[in-house]
Amino acid sequence: MKGREDKKENDIFFLCSLIDYIARKTKNHRSTVVDSLGTKRLLKIYELADIYHSDNIDAVSDDFIEQAAIQTGNFDNVAMAKYSIPTHWDIGKVYKRLVLAIMKDEKCDAITAVQKAYNSFISEKIDDYNSSVFYDNPQNIFLAYKTGTL
């Protein structure tokens, strides 16, 4: 462990932030981006996150959008927001915490936990920037994920 947090936790943070960045850029739900990227690409991003993190995020996102043939959608949660908009880094941190909790609770690997987090009902709630879910206590977000209800 170098720095303030574990390297693998930081790699999850970058992966989640990149997912959000791609989703905003392509106007897609986060689950659509995760499903389009697929397990192999998600694993590649996770394993090479320290390299991608030092690259231009626009170039990195463009490469993965092209590789995964992610089409432009019609979900624009940034445009729908009435209030202050969290950055893709802010949302990456929210998802990182959820992914880590899923990994610990369900004893699964990072990519499986990412797929579970983004394909759960709580993802839609986190990505509604007009609600307060994205800045709620991480334990409450995980509990909502576990129970399927807010």
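Q: At roughly what angle do the axes of helix α1 and helix α2 cross?
A: In this predicted model, α1 spans residues 7-26 and α2 spans residues 30-47. Their axes come within 10 Å. The crossing is right-handed. The angle is roughly 145°.

Q: How many nonpolar residues are in the contact of α1 with α2?
A: On the α1 side the contact includes Phe14, Leu15, Leu18 and Ile19. On the α2 side it includes Val33, Val34, Leu37 and Ile45. The division is one polar, six charged and, for the nonpolar class, 13.

Q: Is Lys27 buried, partly exposed or exposed?
A: Lys27 lies in the loop between α1 and α2. Its phi is near 55°, a positive value in a residue other than glycine. Most residues other than glycine have a negative phi. The relative accessibility of Lys27 is 31%, between the 20% and 50% cut-offs, so Lys27 counts as partly exposed.

Q: What distance separates the C-alpha atoms of Asn10 and Thr39?
A: Asn10 has its place in helix α1. With a relative accessible area of 29%, Asn10 is partly exposed. Asn10 and Thr39 are 29 residues apart along the chain. Their C-alpha atoms are separated by 19 Å.

Q: Which residues is Ser31 in contact with, leaving aside its neighbours within four places in sequence?
A: Ser31 is found in helix α2. Its relative accessible area is 17%, under the 20% cut-off, so Ser31 is buried. Leaving aside its neighbours within four places in sequence, Ser31 is in contact with Tyr118 and Asn119.

Q: Which element gives the largest share of the largest nonpolar core?
A: This core has 46 residues. Ile19, Leu37, Leu98 and Ile126 have the most contacts inside it. The elements that give two or more residues include α3 (49-53), α4 (57-67), α7 (110-118) and α8 (121-126). The largest share is nine residues, and it comes from α1.

Q: Which residues is Leu98 in contact with, leaving aside its neighbours within four places in sequence?
A: Leu98 is one of the residues with the most contacts inside the largest nonpolar core. In α6, Leu98 is also among the residues that meet α9. Leaving aside its neighbours within four places in sequence, Leu98 is in contact with Ala117, Ile122, Ile126, Ile141, Phe142 and Tyr145.

Q: Are α6 and α9 roughly parallel, roughly perpendicular or oblique to each other?
A: Helix α6 covers residues 88-106 and helix α9 covers residues 138-147. Their axes come within 10 Å and cross at roughly 55°. The crossing is right-handed. Roughly parallel needs under 35 degrees and roughly perpendicular needs 65 to 115, so α6 and α9 are oblique.

Q: How many charged residues are in the contact of α6 with α9?
A: Residues of α6 such as Val94, Arg97 and Asp105 meet residues of α9 that include Pro138, Ile141 and Lys146. The contact has eight nonpolar residues and no polar ones. The charged residues number four.

Q: Is Lys107 buried or exposed?
A: Lys107 has its place in the loop between α6 and α7. Its phi is near 50°, a positive value in a residue other than glycine. The relative accessible area is 72%, over the 50% cut-off, so Lys107 is exposed.

Definitions and conventions
Residues are numbered from 1 along each chain as its sequence is written. This is a predicted model: local features need pLDDT of at least 70, side-chain atom pairs count only at pLDDT 80 or more; totals for chains, interfaces and linings use all residues. Side-chain values use heavy atoms; hydrogens and water are left out. Axes are lines fitted to C-alpha atoms, for helices over the stretch in contact, and angles run from 0 to 180 degrees between N-to-C directions. Helices (H or I, at least four residues) and strands (E, at least two) are DSSP runs, numbered from the N terminus. Angles under 35 degrees count as roughly parallel, over 145 as roughly antiparallel, 65 to 115 as roughly perpendicular and the rest as oblique. A crossing is left-handed if the near helix is turned anticlockwise from the far one by less than a right angle, and right-handed if clockwise. Contact means heavy atoms within 4.5 Å. Ala, Val, Leu, Ile, Met, Phe, Trp, Tyr, Cys and Pro count as nonpolar, Asp, Glu, Lys and Arg as charged, and the others, Gly among them, as polar. Buried means under 20% relative accessible area, exposed over 50%, partly exposed in between (1.4 Å probe, protein chains only). A nonpolar core is a set of buried Ala, Val, Leu, Ile, Met, Phe, Trp, Tyr and Cys residues joined through side-chain atoms within 4.5 Å.
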